[in-house]
Amino acid sequence: MTQPDSPLRIGIAGLGTVGGGVVTILQQQAALLSARTGRTLQLVAVSARDQSKQRGLSLDGVRWETDATALATAADIDLVVELIGGAEGTARTLVMQALQHGKHVVTANKALIAAHGAELAALAEAKGLGLAFEAAVAGGIPIIKTLREGLAANRYQRITAILNGTCNYILTTMEKSGRDFDDVLAEAQAKGYAEADPSFDIDGVDTAHKLAIVAALAFQCRPNLDALHIEGIRRISKTDIHFARELGYRIKLLGITEQREDGTVEQRVHPCMIPLNAPLATVDDAYNAVQIAGDSVGRLFLEGRGAGAGPTASAVVADLIDLARGHAMPPLVAPAATLPALRPADISSLQGEYYLRLTVVDRPGVLADVAAICRDAGISVASLIQHAHAPEEPVDIVLTTHHTPESQMQQALAAMGSLPTMMAPPQMIRIEAP
Ligand SMILES: NC(=O)c1ccc[n+]([C@@H]2O[C@H](COP(=O)([O-])OP(=O)(O)OC[C@H]3O[C@@H](n4cnc5c(N)ncnc54)[C@H](OP(=O)(O)O)[C@@H]3O)[C@@H](O)[C@H]2O)c1
């Protein structure tokens with residue numbers, strides 16, 4: 001292994017939450033980083049949109065590039081850190097050009113890697129360069145390194161994860177406070193925990209980007225965002241959270257990927273009810289967690305902060321340390337040219353247990369209609385809850401099922417939704433035993 005003693009000359013594009021955190025670590029921990037790598041990690045140039053913005057960073061002696069892509073061609077830069085974000089535009093151009101011009105790349109950009117990871121990995125390999133993206137999934141949790149290196153001897157069976165801190169914060173707060181989704185989301189936005197446009201987080205897209213990367217690493221294939229089943233948390237109400245607790249579950253937005261015996265890969269993001277004593281059920285607030293099942297290692301559980309300046313910059317700088325030490329490896333576990341397309345397993349072929357909440361007019365025969373639909377769809381009911389209420393008022397009937405094919409559940413949901421006594425679309429949440 002070579003440990004050149006020349007400085008590693010770094011250019012950073014993007015000085016927001018993560019970029020600011022990286023600059024801070026590079027400056028405050030300079031001696032420690034140099035002791036660990038045998039090299040100076042030298043910040044040569046930076047770029048962001050607005051040079052006049054007050055960032056609370058000391059950038060004396062660091063060159064400012066108005067055009068971020070200038071970092072890709074600068075002769076005095078060895079490594080470009082892309083912290084702008086987005087699958088297209090400047091971020092993608094910068095990363096492509098940096099690799100084309102012989103510079104290693106570190107990025108925290110999950111959207112970019114999920115959409116273009118295979119193409120960028122192939123380019124990095126062709127040029128003998130590093131393309132590292134530890135911070136793209138689960139912030140401070142070293143999940144990329146764990147899958148690619150620490151557990152590389154394993155055949156992965158299933159990975160189940162909480163990958164979006166905003167959703168976990170909202171669900172945890174709804175449960176603790178008994179408040180409803182819109183109310184908690186508005187508070188999270190006011191506190192800066194959720195974006196002004198929260199759709200990326202709460203509709204499951206952010207989790208999907210991360211899961212696509214995890215699935216590609218675990219099951220050795222090219223990331224495939226199109227093959228993901230994605231549902232977010234907008235439809236989760238305090239009523240569901242209340243019933244979950246009564247049934248011994250908590251509701252979490254999970255990303256789940258699993259390889260089936262026929263080689264197809266499940267990639268799904270949706271709210272799940274999980275038993276209160278499952279490790280993932282104990283992950284609160286904005287924390288992330290990843291549970292990995294590997295054939296030799298068994299079950300492994302990692303929990304930590306999935307976002308924010310410190311945890312994300314910790315992961316970015318870990319990648320810088322690797323590259324400063326000369327450790328560049330195939331970005332997607334195996335050489336990109338050898339990676340097959342992911343063969344997706346269709347959600348309709350899933351088998352599992354389900355929670356159903358039906359808001360109905362309480363008239364004689366309603367339960368019989370529901371029972372008949374379950375019978376016709378071949379669904380076996382495991383439990384049923386209906387609380388006392390005033391006559392003729394809408395009432396929630398909650399059912400849980402035994403193991404049921406998803407296709408039969410969808411058939412039953414369609415039939416239940418068209419009952420004249422149904423006051424709202426039936427609510428279905430999958431029950432998982434992670
Ligand atoms: N925030 C987190 O906790 C977190 C966690 C994991 C991964 N990530 C990923 O890390 C990346 C950065 O996220 P962030 O939260 O740090 O974003 P951010 O706070 O919005 O910062 C983005 C930075 O990019 C700069 N920028 C935007 N367009 C640019 C352009 N065309 N040329 C040069 N600079 C440009 C902005 O400049 P101005 O400052 O001048 O506006 C800003 O400094 C994203 O890919 C994100 O998904 C973030």
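**Figure 1. Secondary structure and overall dimensions of the chain.** The chain of this predicted model contains 14 helices and 17 strands. Its radius of gyration is 24 Å, close to the 22 Å that the globule rule gives for 434 residues, so the chain is as compact as a globular protein of that length. The C-alpha trace spans about 80 × 50 × 35 Å along its principal axes. Buried residues make up 47% of the 434 residues of the chain. Among contacts with a separation of 6 or more, 76% join residues 24 or more positions apart.

**Figure 2. Domain assignment of the chain.** Three domains are assigned: domain 1 covers residues 8–136, domain 2 covers 143–305 and domain 3 covers 349–431. The centres of domain 1 and domain 3, taken over C-alpha atoms, are separated by 52 Å.

Figure 3. Not counting residues up to four places away in sequence, V22 touches I12, V81 and L83, together with A313, V316 and V317. In soluble globular proteins, nonpolar side chains tend to be buried together.

**Figure 4. The shell of residues around the ligand.** The shell holds 25 residues, and those that come nearest to the ligand are G14, G16, R49, G85 and A307. Helix α1, residues 17–28, gives the most to the shell, with 3 residues. By class, the shell consists of 10 nonpolar, 11 polar and 4 charged residues.

Figure 5. Most residues other than glycine have a negative phi. D285, which is not a glycine, has a positive phi of about 55°. The loop that carries D285 lies between β10 (265–275) and β11 (287–294). D285 counts as partly exposed because it has 14 C-beta neighbours inside 10 Å. V333, also a residue other than glycine, has a positive phi near 80°. The loop that carries V333 runs between α12 (309–324) and β13 (351–361). V333 has 21 C-beta neighbours inside 10 Å and therefore counts as buried.

**Figure 6. L332 in the loop between α12 and β13.** L332 has 28 C-beta neighbours inside 10 Å and so counts as buried. Leaving out residues up to four places away in sequence, L332 touches G117, A118 and A121, as well as A216, L217 and L339. Between L332 and R222, which are 110 residues apart in sequence, the C-alpha to C-alpha distance is 8.0 Å.

**Figure 7. I292 in strand β11.** I292 counts as buried because 24 C-beta neighbours lie inside 10 Å. When neighbours within four places in sequence are left aside, I292 is in contact with L151, Y156, I159 and L300. I292 and A278 are 14 residues apart along the chain, and their C-alpha atoms are separated by 13 Å.

How values were computed: Residues numbered from 1 in each chain as written. Predicted model: local features only at pLDDT ≥ 70, side-chain atom pairs only at ≥ 80, totals over all residues. Helix = DSSP H or I, 4+ residues; strand = E, 2+ residues; numbered from the N terminus. Rg over C-alpha atoms; globule rule 2.2 N^0.38 Å. Buried ≥ 20, exposed ≤ 12 C-beta atoms within 10 Å, placed from the backbone. Contact = placed C-beta atoms within 7 Å. Domains from an automatic or database assignment. Near = placed C-beta within 6 Å. Nonpolar A, V, L, I, M, F, W, Y, C, P; charged D, E, K, R; others polar.
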